[in-house]
Each structure stands twice: as structure tokens, then as C-alpha cells.
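Let's take a friendly walk through a protein structure together. Keep the picture in view as you read, and look for each part as it comes up.

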Amino acid sequence: MRPDTAFDQLRTARLRLRRSEPRDAEQISAYRSDPDVHAHQGWDRTDPDYIRSEIEEMLSRAPGEAGGWVQFTVETLDDDRLIGDVGLRVDTDDPGTILVGYTMDPAVQNKGYATEAVGALVDYAFDTLGADLVRAYAEASNVASIRVADKVGMPVVQRFDEREDRQVWHVVRMERRRTPDPR
């Protein structure tokens, strides 16, 4: 893996993905606290102070550096509106694998923003960070998240149950391998 110490931002036709900053915590907290969003996520806390502290901790790592998640805020290019966040981390069990996660504000869902942002993140993981495999997990009932992963070439490769305390999560694993170099 090649850490990207010079990361500035990723751009797509409609979006900018930049490092999340503490000032983003209030807006991120608002959509992550939405019951429909929170139902499909594994966060214990979604309050602004906690999110702010998580962002501050993540700012110490370069994308592609081992040690935890690096989060990117997703903004629209036309009006600089914060519409979601995506993140990546090197898999501690498999250093050639990048894990990705994504959350979009319900107000902008079903407009292709998640697919655009995740597609850019996956390409970045392969092209800049040198990942061999990009992987995402989702709750099996989170059809929208599974659809986004499929659209960026990460089909479901495994279904399993994850047990935590007395709760059972039905989970899917989605993956995309690096395309072999034709040379």
C-alpha cells in the first residue's frame, strides 16, 4: 500500500471529496442520527462531539496509511453543499485490501451521488494507493448500499451473520479486485 501524504481532494463531474474537518461534525451528525440512516450503520454514537473527535483523530493519518479509517466529506461542486461522507482504511488482516464505507444524507439519496463518490474512492484506492482488493460490508437489508457497491463493480461475494451481544446482524461482503495489467 502507498500512503498518499500529498492528498488534496478527489473530484468527479458533480462532487468534491475532501478530508473531513472538525467543522463538518454538526452536519454529519444530523444525517447519521436520522433513524433510517442509523438503522443500517454500526455506530454507537452519532453526536457532534463524538464525530468531531473521530475526525480529529483521523486527520493524523494519510489515506492508505495503516491504523484506522480516513474520512472524506462529500460536497457538491455547484454549491459546496455537504451531502455525505465516505471513508477508507487498510484492512489490518490483509494489507493489500482497502475497506470502504459510505453514508449519504437522506435528502440527496437516489440522485447517483453515492455511486459517483464511491466509484471515485474505489478508483483512488486502486490507482493511487495501490490496493489489490477493495471491500465493503453492509447489512443485508440495506438494499441501497448494496446497489451502490454493485454499480461500482463490487458485487456481493458472501452473506453471513455477525453476532454482537444478543443482536444478530445479517451482513453481506462486497468486493472488487484490481484489474490485471494487460502488459
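About 30 Å³ of space lies in the largest cavity. A cavity here is a set of points, on a 1 Å grid over the protein atoms alone, where a 1.4 Å probe fits but cannot get out; grid points are joined across faces, edges and corners, and a volume is the space filled by probe spheres set on the points. This is a predicted model, in which local features need pLDDT of at least 70 and side-chain atom pairs count only at pLDDT 80 or more, while totals for chains, interfaces and linings use all residues. Residues are numbered from 1 along each chain as its sequence is written, and side-chain values use heavy atoms, with hydrogens and water left out.

**The cavity**

- Rolling a probe the size of a water molecule over the atoms shows where empty space is left.
- The count comes to one cavity of 30 Å³ or more.
- Its lining is made by Arg 19, Ser 20, Ile 55, Met 58, Leu 59, Val 70 and Gln 71.
- Two or more of the lining residues come from each of α3 (48-58) and β3. Such names count from the N terminus: helices (H or I, at least four residues) and strands (E, at least two) are DSSP runs.

**The nonpolar cores**

- In soluble globular proteins, nonpolar side chains tend to be buried together.
- A nonpolar core is a set of buried Ala, Val, Leu, Ile, Met, Phe, Trp, Tyr and Cys residues joined through side-chain atoms within 4.5 Å. Buried means under 20% relative accessible area, exposed over 50%, and partly exposed in between (1.4 Å probe, protein chains only).
- The largest nonpolar core has 37 residues, and those with the most contacts inside it are Val 86, Leu 88, Met 154 and Met 174.
- At least two residues of this core come from each of β2 (15-19), β3 (70-76), β4 (82-91), β5 (94-104), α4 (113-127), β6 (133-139), α5 (143-151) and β8 (167-177).
- With nine residues, α4 gives the most to this core.
- A second, separate core has six residues, including Tyr 31, Ile 51, Ile 55 and Leu 82.
- Contact means heavy atoms within 4.5 Å. Leaving out residues up to four places away in sequence, Met 174 touches a list of residues that includes Tyr 102, Ile 146, Met 154 and Pro 155.

**Strands side by side**

- Two strands pair if DSSP finds at least two bridges between them.
- β1 (residues 9-11) and β2 run antiparallel and are joined by three bridges. They form a hairpin with three residues between them, and Gln 9 stands opposite Arg 18 in β2.
- β2 also runs antiparallel to β3, with five bridges joining the two. Leu 17 has Val 74 as its bridge partner in β3, while Arg 19 stands opposite Phe 72.
- β3 and β4 are antiparallel too, joined by six bridges. Here Thr 73 stands opposite Asp 85 in β4.
- The hairpin of β3 and β4 has five residues between the strands, and Asp 80 takes a positive phi near 55° there.
- Five of the five residues of β2 are buried, and so are seven of the seven residues of β3.
- Both faces of β3 are covered: Val 70, Phe 72, Val 74 and Thr 76 are buried on one side, and Gln 71, Thr 73 and Glu 75 on the other.

- Is Glu 75 buried or exposed? Glu 75 counts as buried because its relative accessibility is 8%.
- The side chain of Glu 75 makes a polar contact with the side chain of Arg 18 at 2.9 Å. A polar contact is a pair of N or O atoms within 3.5 Å; within protein, one must be able to donate a hydrogen and the other to accept it, and residues adjacent in sequence count only if both atoms are side-chain atoms.
- Arg 61 lies in the loop between α3 and β3 and is buried, with a relative accessible area of 7%.
- The side chain of Arg 61 reaches the backbone oxygen of Trp 69 at 2.8 Å, and a polar atom of that side chain lies 3.5 Å from the backbone oxygen of Gly 67.
- Asp 132 is in the loop between α4 and β6 and is partly exposed, with a relative accessible area of 45%.
- Beyond its neighbours within four places in sequence, Asp 132 is in contact with Gly 96, Phe 126, Arg 176, Arg 177 and Arg 178.

Technical notes
On a 1 Å grid over the protein atoms alone, a cavity is a set of points where a 1.4 Å probe fits but cannot get out, and a pocket is an open set with protein on both sides within 12 Å along at least five of seven lines; lining residues have an atom within 4 Å of a point.
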